[in-house]
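Visitor: I am new to this structure. Please show it to me, and then let me ask how you know what you say about it.

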Amino acid sequence: MKVLHLSWEYPPNLIGGLGRHVYYLTKFQAKHGLDVDVITNSISGESFEIVDNVRVYRINPFVFRSIDFVTWILNFNYLMILKALNLSKEEGKPDIIHIHDWLTAYSGIVLKHVLKVPLIVTIHATEIGRRGGIWSEEQRMIHEWEWRASFEAWKVIVCSNYMINEVQKAFMLPSEKIIKVPNAVEVKDIEKIVPEPDLKEKYALPYEKIILFVGRHVYEKGPDILIEAFNILVNQYNRQDVKLVIVGDGPMKEYLVSLVNRYGLWEKVYFTGRISDEDLFALMKIAYVGVFPSRYEPFGIAILEAMASGLPVIVPNFGGPNEIIEHEVEGFKVSLYPHEIAERLLNLLNNPELRDKMSINAKKKIKKLYTWDRIARFTVGIYRSVLKEAARKEWKHLWET
Amino acid sequence: MTDILHVSWEYPPYRIIGQLAWDIQEMVRGLQKMFNVVVVHPGPLTKRYRDGEIDVYMFHDEGYPKRNFIVYAYELTFNSLIKLPYILPYKDYLIIHSHEWLSGMIGLILARTFKKPLILSVYSLERMRSSMNNMLSLSIESIENYLLDEAAHILCHNPEVFNMLQGKYGGKVTLYRDIDQLRDLYLKFAGNRL
């Protein structure tokens, strides 16, 4: 079976969790015997490489000038169509086209019709969910492309029950069209990382325990909520044995820094910026607890990575994380009140045995339920059933491509 | 007879923006005596109709947000490509001939799909249309340049355009004179096929 993935991000060009998702999914699909191509964007010109038995074609979207993000995406999609048609000519057409989010909807839908190939879409998040509604013309267009992708796709894959509800509500889809396939982590990549003995010294004083946040610095990820909670922990509960390490970057960074300064926490908070996966996993291994107070989170790969590294986690009691964590087993599920987060942190700081027990439970759960091998097998099963259905359906098409 | 596919942004009577619609109709009517000409163009509905002996396939392109002209161009391309596979019969076209950059975007994808050469007719360039002032759209110009690079042949319908493109594209550029010249150009692409 030949599968073509269209994705706007793929390592080393990573913006969020999507690129990592596509990397591991395609790697394990190839491991399961699929013939996998990925077309993605490149910031350094057109290129081709084979990554873990996956053929990766990078195209240069900067061939065209763009006036805004939407036109940039359209330009990129147009070039992806041309690339896919060339590949189809050279290697034969794919059996399945798999797109990820609205960002590749344009090319995926066109290729579906031009090549007569079933389309699968994974909706990682919706525009309505990310912004709490549609408030601008640009958002309306993004929402429209999301709807189009979900309408045109044979099956819509989402990562959690929360997302099933959201997608159903946002796009009025029949429930049998939506399939839940959770995200996963590559445990081996995390296990092989051994932190340097002096690593903790780079981030914290010897007596400080690291509270870790990983994520884009945007409103929906809630880093500001964690700073509020951390302020309560340090200034109200007077815990001086803690350090907050904030990994990532984003438009909210200046505000977060100002918040830290306002609370007089500049010696207690460390902004790392973006760091490599190796550094991140090492940091997760020396941290005490991970906190992910997202206001909107369809799933949260960073939560899985933290758990696989042996971190107990504090997550919202709604959205995707709510389905991953069992309360008081691998961590705590909380409402997003800073006081509640601060109390849970205090609880863990006062009970190292509880923290260690949660750490073991978290690792166990990941190995049992959230491996890419399992997820890739699941998606291959979806492809097979779609191809069977497609073979039974009459699809009148006039072009022999 | 050999099949030629023309892609246009406008064609009478359903879509007339300016003189181009009539010029293209005159051209394809002239060609019809020598080739089986099929025309594709956008319009208010999706249907097949005949213009004399010419088969015309119109695809519906209304009802989408026209946020800016680039977005419109992509929506036009999208609408053509999701509808044409269900109305336009597959034929062993000799040439895909597009008129101007808007239909050139569709034409290039059709050319790659059918594995045929693209001839791009150019009536004006973005730099000329904008009088090189601050109305110049670098986005449109970059698409135009890409299509010019990708086309197998460029047919200029304006001596000024011809002068501007000849230096860069050399023998790939021709200044359009008449139907007989266009027929000869098609025959050149046909090689041993005819």
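Visitor: At what angle do α1(A) and helix α16 of chain A pack, and how far apart are their axes?

Guide: This is a predicted model. In it, α1(A) and α16 (residues 372-392) of chain A pack at about 75°. Their axes are 8 Å apart.

Visitor: What makes α1(A) roughly perpendicular to α16(A)?

Guide: Angles of 65 to 115 degrees count as roughly perpendicular. The angle here is about 75°. Therefore α1(A) is roughly perpendicular to α16(A).

Visitor: Which residues make the contact?

Guide: From α1(A) come A:Tyr24, A:Leu25, A:Phe28, A:Gln29 and A:Lys31. From α16(A) come A:Trp372, A:Asp373, A:Ile375, A:Ala376, A:Thr379 and A:Val380. By class, the contact of α1(A) with α16(A) has 7 nonpolar, 2 polar and 2 charged residues.

Visitor: What are the domains of chain A?

Guide: Domain 1 covers 2-184 + 371-392, and domain 2 covers 187-369. Their centres, taken over C-alpha atoms, are separated by 30 Å.

Visitor: How many residues of domain 1 of chain A are in contact with domain 2 of chain A, and what makes a contact?

Guide: Two residues are in contact if their C-beta atoms lie within 7 Å. By that test, 17 residues of domain 1 of chain A are in contact with 13 residues of domain 2 of chain A. On the domain 1 side, the elements giving two or more residues are α1 (17-31), α4 (127-131) and α6 (161-171) of chain A. That side has 6 nonpolar, 9 polar and 2 charged residues.

Visitor: How many residues of chain A are in contact with chain B?

Guide: 27 residues of chain A are in contact with 23 residues of chain B. On the chain A side, α2 (69-91), α3 (105-115) and α5 (137-152) each give two or more residues. α2(A) gives the most, with 9 residues. The side of chain A that touches chain B has 16 nonpolar, 6 polar and 5 charged residues.

Visitor: Which residues touch the most other members of the largest nonpolar core?

Guide: They are A:Ile211, A:Leu212, A:Ala287 and A:Val313, in a core of 176 residues. The largest share of this core comes from α2(A), with 10 residues. Domain 1 and domain 2 of chain A each give this core at least three residues.

Visitor: What is A:Ile211 in contact with, leaving aside its neighbours within four places in sequence?

Guide: A:Ile211 is in contact with A:Phe230, A:Val242, A:Leu244, A:Tyr288, A:Val289, A:Val291 and A:Leu345.

Methods
Residues are numbered from 1 along each chain as its sequence is written. Chains are lettered from A and ligands numbered from 1 in the order in which they are written. This is a predicted model: local features need pLDDT of at least 70, side-chain atom pairs count only at pLDDT 80 or more; totals for chains, interfaces and linings use all residues. Domain bounds come from an automatic or database domain assignment. Helices (H or I, at least four residues) and strands (E, at least two) are DSSP runs, numbered from the N terminus. Ala, Val, Leu, Ile, Met, Phe, Trp, Tyr, Cys and Pro count as nonpolar, Asp, Glu, Lys and Arg as charged, and the others, Gly among them, as polar. Axes are lines fitted to C-alpha atoms, for helices over the stretch in contact, and angles run from 0 to 180 degrees between N-to-C directions. Angles under 35 degrees count as roughly parallel, over 145 as roughly antiparallel, 65 to 115 as roughly perpendicular and the rest as oblique. A nonpolar core is a set of buried Ala, Val, Leu, Ile, Met, Phe, Trp, Tyr and Cys residues joined through C-beta atoms within 7 Å. A residue is buried if 20 or more other C-beta atoms lie within 10 Å of its own, exposed if 12 or fewer, and partly exposed in between; C-beta atoms are placed from the backbone.
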